[in-house]
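Open the model in your viewer and keep the selection panel at hand. Each stop below says what to pick and what to look for.

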Amino acid sequence: MQMNAITLTTDFGLSDWFVGALKGVIHGINPRATVIDLTHGIPPGDVEAGAFALAAGFRAFPRGTVHVAVVDPGVGSGRPAIAVRTRDYFLVGPDNGVLSLAMARERVVEIRRLENRRMFRAPVSRTFHGRDIFAPVAARLSMGRDWTMVGPVVTSFQRLDWPTVERRGAGLFGTVVYLDRFGKAITNISGQMLAEISSDAAVEVCVGRRRVGVVAECYQAVAAGKPVALIGSTGFLEVAVNGGSAASLLRLQRGSRVSVRTRKRFTR
Amino acid sequence: MQMNAITLTTDFGLSDWFVGALKGVIHGINPRATVIDLTHGIPPGDVEAGAFALAAGFRAFPRGTVHVAVVDPGVGSGRPAIAVRTRDYFLVGPDNGVLSLAMARERVVEIRRLENRRMFRAPVSRTFHGRDIFAPVAARLSMGRDWTMVGPVVTSFQRLDWPTVERRGAGLFGTVVYLDRFGKAITNISGQMLAEISSDAAVEVCVGRRRVGVVAECYQAVAAGKPVALIGSTGFLEVAVNGGSAASLLRLQRGSRVSVRTRKRFTR
Amino acid sequence: MQMNAITLTTDFGLSDWFVGALKGVIHGINPRATVIDLTHGIPPGDVEAGAFALAAGFRAFPRGTVHVAVVDPGVGSGRPAIAVRTRDYFLVGPDNGVLSLAMARERVVEIRRLENRRMFRAPVSRTFHGRDIFAPVAARLSMGRDWTMVGPVVTSFQRLDWPTVERRGAGLFGTVVYLDRFGKAITNISGQMLAEISSDAAVEVCVGRRRVGVVAECYQAVAAGKPVALIGSTGFLEVAVNGGSAASLLRLQRGSRVSVRTRKRFTR
């Protein structure tokens, strides 16, 4: 029997019984499931942060893993619930964009709407689809249940209105899209985009009007307490502070502007 | 061999090694145990919140699950420790009321005092019975060890002094008993009580003197930022704010008064 | 096949996908691994707190457990990564002292530097060795892979500059080394040291100039809200407040001085 892992990404927090209840339902259906928390610390209702965390973490898991993301401010209102089959994974969640950044990084094979109530927990509450719909569907998919049973194929789905990077001449103009626990600011500028404007990474990074410096190899490339830009573990440009918080020191938030220019434009 | 899940509900938090130590002890006794956190975010020493979280979450788990709850401000002082066999589950914890709300929702078969030191970890500390008593007893129960070995039968146990709902005429007068991570206020008024005063749910909910409105079907029944009353996933009446925190907006805390009246008493 | 547990102790927090990514990598290598969080709540970069939490918790696990500790402010800078084989466990982490307090409590058999890239995840990022080096090495050790393959033997390693206890006459002068979630202050004075100055535990404990009292047996030895000293579950002297926080009430922090004297010096 197939026995794939299930990951959970939610805004449920850990102070209540919500995450435990999902795992109880999964365990009741598939006692041999390995359930792994990606994170439950997404700010309440913050679909973009949930989408980013899922997209940043899901490829660390082996093929066949069922990734569940429940950041679902519209629960009970009639928004569709979907499951996505990609080349390597299953994705399960509300159709509100929370799955869309991960989908953009995968070859999507098929999308289906969750409509088969026999795969749900009964009765289905109006306020806790994580427990009543997403967890039981994921548990059944982790056991190798027939994918086509979850519901009918759909061809469109909700995408996030995600900021894009502008390229003007040899400059890239991007945005902070995620702030992590260490106060590192992750941008939407990928390492590949950087390589396209400069083959030797000899570029200067600015946050707003403030120069951060060149793209370094590690946090310790600068003195303690100083800001540093580098390509982080997600493959995107990030701004950090060695031993500190870039979010605090540079007053960064989601949406803050970050630019990259080839270095010759600056004097040192 | 029986191999049942174990859940943990504590006020240990996740910033120290306490929860890990419980799991280490369990793993040493029953390496095949599935251990699931219900929550470790109960405020320190808050027996009532622990009892509510356990009662709200424990029925999501399959029969045979061993539920451990350790909110135990009296650890080491001689308060008894108990295990409870219900029709579907085992409950393990201090005899201070933390198990009592779950017990009220189950058919209790037998209660025993934990006195068999051969089921404990040695030596037993005076300050960490979670690690030294509750975890090893739960691990052994999860393996199907003889229930009667844990200790002698007892017939009385500590109940919480839980607020009751008053019914006056066609009105119900209840209390907020739990505030969750989203700022939703869960009351002690059950959906069944509501059905008894009004067959069509045409009632008005008030928080103190403030009218919240009718009992809705989902959070989106009201505009964003507005309060809404509904029967939540626990089966109890709750007051929420669509996309916000009822606790903040309505200044709710545990003990806040919530009333329900048949709607004809109000003009709109 | 050997199938040992893996524990994780980090400063990654739980609000991002970092811990999940480690577990994804482990699951991809050893799908049958039991992975247990010791804690991820170590303050960012606080190597001393990480070392203490690991040392306090690791012996609750059965022999063969692989303990991973990643509090690693120097990631990517060239600091060595090591694995340690002790009589009972494997320890894996950066060579910055985070393993050293646990090592001091174990019989160390051999230390090796992690240099075999075939045991790593490819490619190895410069900023996330938890995912790319420590998790995959731990996963392979948990499966019983040949220990000698991880890399060459080393004979020296980084120790923490840990405060020592001074003994002057019948007095012990120690330091608060850890503050836990309950506001308890754990010192570096062991129960054994106490026994050496007083066979009957009739000693007085002071925090700075403030007398806390004798060494009690449990928190309830004093009235609610009052401070109490006792030997905690780690085997070290701790200062607590019955039902409250010693850290707040006595304004304790790491480094605060705690002294113990034989009681006859005091009048009551």
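Start with B:Glu204. At 1% relative accessibility, this residue is buried, because the cut-off for that label is under 20%. Bear in mind that the model is predicted. B:Glu204 sits in strand 11 of chain B, residues 203–207. The side chains of B:Glu204 and B:Arg211 make a polar contact at 3.2 Å.

**Salt bridges in chain B**

Stay in chain B and select B:Arg59 with B:Glu106. Their closest N and O atoms are 2.0 Å apart, in a salt bridge. This pair links distant parts of the chain, 47 residues apart. B:Arg59 lies in the loop between helix 2 (47–57) and strand 3 (66–70) of chain B. B:Glu106 lies in the loop between helix 3 (100–104) and strand 6 (108–113) of chain B. B:Arg59 is partly exposed, with a relative accessible area of 36%.

**Salt bridges in chain A**

Move to chain A. Select A:Arg59, A:Arg63, A:Arg87, A:Asp88 and A:Glu106: salt bridges link them in a network. Zoom in on A:Arg87 and A:Asp88, whose side chains meet at 3.1 Å, N to O. A:Arg87 is partly exposed at 46% relative accessibility, whereas A:Asp88 is buried at 10%.

Next, pick A:Glu115 and A:Arg113. Their salt bridge has an N to O distance of 3.9 Å. A:Glu115 is partly exposed at 44% relative accessibility, and A:Arg113 is partly exposed at 33%. Over all chains, the structure holds 51 salt bridges.

**A covered helix**

Still in chain A, select helix 2, residues 47–57. How many of its eleven residues are buried? Ten are; among them are A:Val47, A:Phe52 and A:Leu54.

Switch to chain C in cartoon view. Find the open sheet of seven strands, in the order 2-1-3-5-4-6-7 with mixed pairing. Strand 2 (35–39) and strand 7 (153–154) of chain C are at the edges; each has a single partner strand, so one side of each has no neighbour in the sheet.

Strand 1 (residues 6–10) and strand 2 of chain C run parallel, joined by four bridges. Helix 2 lies across strand 1, strand 2 and strand 3 (66–70) of chain C, at about 125° to strand 2.

Now select strand 4 of chain C, residues 81–86. Five of its six residues are buried. Strand 4 forms a hairpin with strand 5 of chain C, with three residues between them. The two run antiparallel over five bridges, and C:Ile82 is partnered with C:Gly93. Strand 4 also pairs with strand 6 (residues 108–113) of chain C, antiparallel over five bridges. There, C:Val84 stands opposite C:Ile111.

**Last stop: the copies**

Superpose chain C on chain A. The RMSD is 0.0 Å, by a turn of 120° and a shift of 0.0 Å along the axis. The two copies are thus related as by a three-fold rotation axis. They use different surfaces: 9% of the contact residues of chain C recur in chain A.

Terms used: Residues numbered from 1 in each chain as written. Chains lettered and ligands numbered in written order. Predicted model: local features only at pLDDT ≥ 70, side-chain atom pairs only at ≥ 80, totals over all residues. Heavy atoms only, no water. Least-squares fit on C-alpha atoms with pLDDT ≥ 70 in both. Contact = heavy atoms within 4.5 Å. Buried < 20%, exposed > 50% of the residue type's maximum accessible area, 1.4 Å probe, protein only. Pairing = 2+ DSSP bridges. Polar contact = N/O pair within 3.5 Å; in protein donor to acceptor, adjacent residues only side chain to side chain. Axes fitted to C-alpha atoms, helices over the stretch in contact; angles between N-to-C directions. Salt bridge = Lys/Arg side-chain N within 4 Å of Asp/Glu carboxyl O.
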